[in-house]
Amino acid sequence: MSRSAHPAGPRHADVLPEGHYSAPPTDLNALDSKVWAETVTRDTDGVLTVGGIDVRRLAEEFGTPAYFLDEDDFRARARSWRTAFGDDADVFYAGKAFLSRAVVRWLHEEGLNLDVCSGGELATALSAGMPAERIAFHGNNKSTDEIRRAVEAGVGRIVLDSFQEIVRVAHIAQELGTRQRVQIRITVGVEAHTHEFIATAHEDQKFGIPLAGGQAAEAVRRALTLDGLELIGIHSHIGSQIFDMSGFEVAAHRVVGLLRDIRDEHGVELPEIDLGGGLGIAYTSDDDPREPHEIAKALTEIVTRECDAARLATPRISVEPGRAIVGPTAFTLYEVGTVKPLDGLRTYVSVDGGMSDNIRTALYDAEYSVALASRVSEAEPMLCRVVGKHCESGDIVVKDAFLPGDLAPGDLIAVPATGAYCRSMASNYNHVVRPPVVAVRDGEARVIVRRETEEDLLRLDVG
Ligand code: LLP
C-alpha cells in the first residue's frame with residue numbers, strides 16, 4: 001500500500017473509463033419486481049407505495065432513514081420455503097439476517113423453525129414464544145452461559161462447532177440431567193461463490209470441524225461416546241449469496257460420505273443432514289435467484305442420489321435460509337440532503353443514513369439498486385454515487401447508480417433488498433442512531449423495531 005501523498009486524479013477515485021457502465025435503464029421510474037418487495041408499486045401520481053401506503057406518508061409518520069418491511073411478502077416467502085420442502089424436511093430461518101419479536105411470531109405462525117447464533121437471538125426467540133424445540137443454536141464460540149441457557153430452555157438442537165464444545169455441551173447437559181440433541185458442523189472443503197465453487201483441501205476459516213484429516217470422523221467418535229449428547233446429524237453451511245447448486249452438490253456428496261463412514265464404523269445411521277443457508281437474492285436486475293421449489297427439488301435430489309449410492313436411508317433434510325426470506329422484503333427509505341455534481345466524474349447524492357444502516361457496500365463491495373421514490377421524473381439519467389452522512393469516504397450505499405438528473409434535496413430515494421444484514425449489522429458509528437423497522441401490511445404500518453434516540457445512546461454512557 002502506498003503511503004505517499006500526491007495529487008489525486010480520477011484514477012484514484014476509482015472512476016471507470018467512459019463506456020464501462022452499462023447503459024442507463026430505459027425507464028428510470030420502472031420497478032423491477034425481482035429486486036422490490038411484492039406489494040411495492042407506484043400509485044397514480046408515481047409515488048412509491050408499499051402495502052398500499054405512499055412513502056411520503058411513511059416518511060412523514062416514521063421519519064427517514066427507515067426500513068420498510070412488506071409483511072405479506074415476508075410471510076409468503078417463508079411459506080413458500082416451507083411448502084417447497086414439505087413435511088419431510090425442516091426450514092430454519094437464519095435469525096442473523098434480521099430478527100425481531102414480530103418476525104419470530106410470523107415464523108411461528110407460518111410453521112418455520114429458527115436458527116439463532118447468540119444468547120441475544122435466543123432470548124428474542126423465546127420471549128416471542130418460539131417453542132424451544134423448534135430452535136437450533138449455532139455459533140463457533142458459544143459461552144458456557146449461552147450453552148446452559150439453551151440446554152435449560154430445551155432447544156431442539158445445538159450445532160457443535162469444535163472439539164472443546166463437544167465436551168462443554170455434553171458436560172452441561174449431564175449436569176442438568178438431560179441429553180442434548182446435537183449436530184456436528186463440518187467444513188467440507190467447498191468454498192461457494194456466486195457462479196462457481198473451488199474445492200480446497202484445507203479450509204482456512206473459523207467455522208466447523210474439517211472433514212479433512214479425519215477430524216470430523218474423530219468428532220463423531222467422541223460425540224457418540226458422551227452420555228450428555230444425542231448426535232442426530234451432520235451440518236454443513238458453504239457460504240452466502242450463492243446462485244449455483246454445484247457447491248451444494250459437492251457438500252452433500254461429502255456429508256453423505258461421512259454418514260456412510262459413520263455407519264460402517266459405528267453401525268449407526270444418523271437421521272438428519274443440514275445443508276445450511278446461503279441462497280442468493282437479486283440486489284440488481286443482473287441477479288437471477290432460484291425459486292424455493294427449484295432449490296428444494298435440487299437439494300432433495302442430490303441428497304437422495306448420494307444416499308442411494310451409499311445404500312443409506314435418506315436422512316431428514318434441513319436448510320437455513322436467512323437472506324432469501326427477509327432480504328427482498330424490505331427497502332430503506334432515505335431523504336436526499338445534498339446533490340454534488342463533480343465535473344467529468346459523477347454526482348454524489350448524500351442521504352441521511354449510510355454505512356451505519358447498510359455496511360454491506362463498504363464491507364463486501366455489495367451492489368444495490370436505487371430509485372427515486374417520492375415522485376417520478378422524466379429528466380435525463382445521471383450517474384450517481386449514493387453516499388451517507390458519516391465521516392468516511394468509504395461511506396457508500398450504492399456505488400454506481402443512475403438517478404434522474406433533476407434529483408434535488410428533499411426527494412426521497414429507496415434502496416431495495418435491504419431486509420437482510422442491514423438492520424442486523426447496523427451500528428452507531430459517529431453516534432448516529434439506528435433506524436426503525438416498520439412492517440407494512442394491508443394499508444397499515446406498524447413499528448416493529450423503534451428508532452433509537454440520543455437518550456438511548458446516552459443511557460449506555462455512564463459518564
Ligand atoms: N446458516 C448458517 C450456519 C450461517 O452461518 C448462515 C449465515 C446462514 C445459515 C444464513 O445464510 P443466508 O441464507 O442468510 O445467506 N453478513 C453477510 C452474510 C453472513 C452470513 C453468515 N452466515 C452479508 O451481509 O452478506
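**Exercise 1. Work out what the span 332–419 looks like and how a record labels it.**

Start with geometry: residues 332–419 have their end C-alpha atoms 8 Å apart, and the span is 6% helix and 45% strand. Helices (H or I, at least four residues) and strands (E, at least two) are DSSP runs, numbered from the N terminus. Next, the label: an unreviewed UniProt entry annotates residues 332–419 as "domain: Orn/DAP/Arg decarboxylase 2 C-terminal"; such annotations may be inferred rather than shown by experiment.

Before going on, note that this is a predicted model, where local features need pLDDT of at least 70, side-chain atom pairs count only at pLDDT 80 or more, and totals for chains, interfaces and linings use all residues. Residues are numbered from 1 along each chain as its sequence is written, and side-chain values use heavy atoms, leaving out hydrogens and water.

**Exercise 2. Find the domains and describe how they meet.**

Step one: the domain assignment (automatic or from a database) gives domain 1 (41–70 + 328–451) and domain 2 (71–324). Step two: their C-alpha centres lie 33 Å apart. Step three: the contact (heavy atoms within 4.5 Å) takes 22 residues from domain 1 and 18 residues from domain 2. Step four: together the two domains bury about 1,900 Å², 57% of it on carbon and sulfur atoms. That's the accessible area (1.4 Å probe) the two parts lose on being put together, summed over both. On the domain 1 side, Pro 328, Tyr 421 and Arg 441 supply 31% of the area buried against domain 2, more than any other three residues.

**Exercise 3. Locate the largest nonpolar core.**

A nonpolar core is a set of buried Ala, Val, Leu, Ile, Met, Phe, Trp, Tyr and Cys residues joined through side-chain atoms within 4.5 Å. Buried means under 20% relative accessible area, exposed over 50%, partly exposed in between (1.4 Å probe, protein chains only). The largest core has 111 residues, and Ile 234 is among those with the most contacts inside it. Helix H8 (residues 246–266) gives the most, nine residues. Both domain 1 and domain 2 give residues to this core, so it lies between them.

**Exercise 4. Classify the ring pair Tyr 283 and Tyr 368.**

Rings of Phe, Tyr and Trp (its six-membered ring) pair if their centres lie within 6.5 Å; planes under 30 degrees apart count as stacked, over 60 as edge-to-face and the rest as tilted. Here the centres are 5.1 Å apart and the planes at 75 degrees, so Tyr 283 and Tyr 368 pair edge-to-face. The two tyrosines are 85 residues apart in the chain. Tyr 283 is buried at 4% relative accessible area, and Tyr 368 is buried at 4% too.
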